[in-house]
Amino acid sequence: MRLSPVLASLANVFKIPLSKSTITPTTGTRSFSTTNALLKRKGNAPRGDRRVTLIRYFLWHPLTPRPLRFSRTRFLRHWTIHRAWQLFQAQQRRAHQLELQRQWQAMQGACEELRVGAGDGGKLFRKSMNKKGIFRDLFPIEYGRMQTEAPSREGWNHEWKRMEKK
Amino acid sequence: MAHCERAAKPLLQCLQKSYTKGLPGLQVQATRAFQTTAIAREEAQTETKSQPFHKSPDPALVSSPRLERRLLRQGISPIGSRRRRAALETSPNIPFEQLPYQCFQEARNILQADREEKLKDIVTIREKIARLEAVPTEQAGGLQVKNSKLVAMNLHLDHLKVLADVNDPLVKKKFEDGQGDMSKPIYRYLADKKWREYRRKILVQRITQMKVIPDVLPHCDPVVDTKLYFGRTATQPGEFVNSRVSATTPKLDVQLFERGEKLVTIAVVDSDIPNVEKDGFDYRTHYLAVNVPISATSTKVDLSKLSSESQVVLPWMAPTAQKGSPYHRLSVFIMEQKDAKPLNVADIKAKETDRSKTLRTLQARYHLKAIGAHLFRTQWDETMEEVMRENGYSDVDMELRRKRVEPLPYKRRNPSTFR
């Protein structure tokens with residue numbers, strides 16, 4: 001009884017007993033090899049990781065520029081400039097921080113003066129600290145409208161009026 | 001270096017002007033006028049001016065094979081490669097910090113200004129420290145307050161000293177060439193950083209993975225760089241050392257990264273001596289020396305050259321491993337003595353005659369603190385038998401075997417859950 005391979009595999013799945021000659025492969029050499037038959041065929045041999053192949057391709061491509069190499073003194077000069085730039089930026093950051101701190105402290109001093117030195121029992125200070133009527137839950141104003149890909153054609157909506165509060 | 005910079009400043013300005021004019025000939029002249037540092041070379045040049053170059057060639061500049069041969073016949077070997085010499089011959093040879101690159105010079109100006117500022121800070125904090133020291137303790141708010149203030153200020157001072165020099169390219173270059181002067185804080189700082197980047201990590205990994213740390217001492221935070229040499233070859237931490245090699249007394253290179261001198265105790269301990277009776281392992285001290293002075297500049301300690309009267313308590317004993325025993329870990333510990341005070345050697349010699357005492361006992365008894373560690377291993381090899389016989393060990397012919405563990409009787413696995 002010879003069946004087509006499809007039928008044979010189906011018979012195998014459904015455990016239908018067949019004569020032994022149909023299931024076992026006919027060629028003797030194949031049973032010794034552990035290589036998958038599809039892989040063994042020419043052109044289908046395993047080529048390793050595709051990503052590694054690509055990296056190798058682009059890394060050794062003649063159009064890839066060579067790595068940056070400096071001579072000893074050139075590197076030292078580069079390092080000097082780099083350190084100076086870092087130092088300069090750090091100085092700028094520090095100056096900015098100090099300026100902000102100064103401003104904040106000046107503001108706080110003024111408030112304290114208002115609270116203590118105005119002579120009205122701190123009424124003015126309390127008034128000034130009152131946040132009523134100030135838009136408080138802040139979010140970026142551009143999120144207050146529908147986001148678009150490009151600015152609108154007329155650019156400004158002159159007819160817009162603030163909503164009346166009821 | 002400072003005075004030569006000051007001298008070169010007008011020259012530099014002249015050079016920059018010549019740059020703007022764009023006269024290459026003038027520029028070359030200006031750069032030629034620059035050679036202020038290489039005094040020795042200039043002298044050599046004045047000599048060559050009186051004599052043509054081919055009569056008395058300069059070993060740093062000669063590049064033609066014929067002149068090289070003539071120099072070699074005179075017994076002077078040319079300096080550097082021929083390529084380098086040929087390049088030097090045509091280069092104006094400007095010192096590094098005066099190289100005429102605008103961005104580089106601007107960067108140097110910024111770094112210099114920062115350094116001046118740091119130096120000013122150092123002066124002020126020194127004055128502060130002096131003022132605080134002059135104040136009597138009661139006015140300063142008690143001894144503890146005063147001391148903590150002083151310690152904090154001294155730490156800040158050390159930090160400033162490092163910061164003043166850390167951006168100097170020449171310091172970096174010198175350190176990379178291995179010419180750093182370890183008596184200066186900046187080079188100590190750089191060396192410490194380099195050590196902590198790789199070598200210390202390896203060391204700590206080895207001594208923790210091989211369980212030296214809980215086995216020999218409960219805790220060790222290495223702060224000194226320790227290298228171990230048998231003969232002239234350095235041993236990596238945890239390496240297997242041939243028994244013939246380790247029969248000789250090793251040398252140590254203990255690099256301290258702090259100022260001042262320390263007195264240390266050096267101990268080499270084998271923590272894997274098999275003990276058949278108790279079915280466990282014993283300790284053996286292979287070497288013990290006390291009162292060894294180390295500092296940042298004097299790092300070499302030759303364990304065989306320490307004085308046997310005033311330093312060595314237990315002389316070197318060749319490490320051994322019996323056949324069949326697992327490898328032996330020999331750990332070297334550098335331990336700081338309290339307050340850098342010398343220990344009384346005669347007392348210790350009288351007391352510590354027993355080599356099987358643990359290091360923990362010693363540490364507790366003499367108030368030692370482990371500041372450095374190293375580790376090597378030994379196992380049975382071809383020369384071990386000879387070494388053991390030479391050093392008078394007993395049981396050389398004995399081989400240790402693992403006891404065969406009898407397998408448990410077969411039990412049919414048929415509990416109720418299987419049914």
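Student: Which residues of α6(B) and α8(B) make the contact?
Tutor: Among them are B:L119, B:I122 and B:I129 of α6(B), and B:L150, B:M153 and B:L157 of α8(B). Contact means C-beta atoms, placed from the backbone, within 7 Å.

Student: And by class, what's in there?
Tutor: There are 11 nonpolar, two polar and eight charged residues. Ala, Val, Leu, Ile, Met, Phe, Trp, Tyr, Cys and Pro count as nonpolar, Asp, Glu, Lys and Arg as charged, and the others, Gly among them, as polar.

Student: What's the angle between α6(B) and α8(B)?
Tutor: About 160 degrees, with the axes 9 Å apart. The two helices are therefore roughly antiparallel, the label for angles over 145 degrees.

Student: Before I go on, is this predicted or experimental?
Tutor: This is a predicted model, where local features need pLDDT of at least 70, side-chain atom pairs count only at pLDDT 80 or more, and totals for chains, interfaces and linings use all residues. Residues are numbered from 1 along each chain as its sequence is written, while chains are lettered from A and ligands numbered from 1 in the order in which they are written.

Student: OK, sheets. What's the strand order in the six-stranded one in chain B?
Tutor: β3-β10-β9-β5-β6-β8, an open sheet with mixed pairing. Strands pair if DSSP finds at least two bridges between them.

Student: Which strands are at the edges?
Tutor: β3 (239–240) and β8 (312–314) of chain B, each pairing on one side only. β8(B) pairs with β6(B) in the antiparallel sense over two bridges, and B:A289 stands opposite B:V312 there.

Student: Switching to chain A: how many helices and strands?
Tutor: Six helices and zero strands.

Student: Is A:V116 buried or exposed?
Tutor: Exposed, because A:V116 has 10 C-beta neighbours inside 10 Å. The cut-offs, with C-beta atoms placed from the backbone, are 20 or more others within 10 Å for buried, 12 or fewer for exposed, and partly exposed in between. Of the 166 residues of chain A, 2% count as buried.

Conventions
Helix = DSSP H or I, 4+ residues; strand = E, 2+ residues; numbered from the N terminus. Axes fitted to C-alpha atoms, helices over the stretch in contact; angles between N-to-C directions. Parallel < 35°, antiparallel > 145°, perpendicular 65-115°, else oblique. Contact = placed C-beta atoms within 7 Å.
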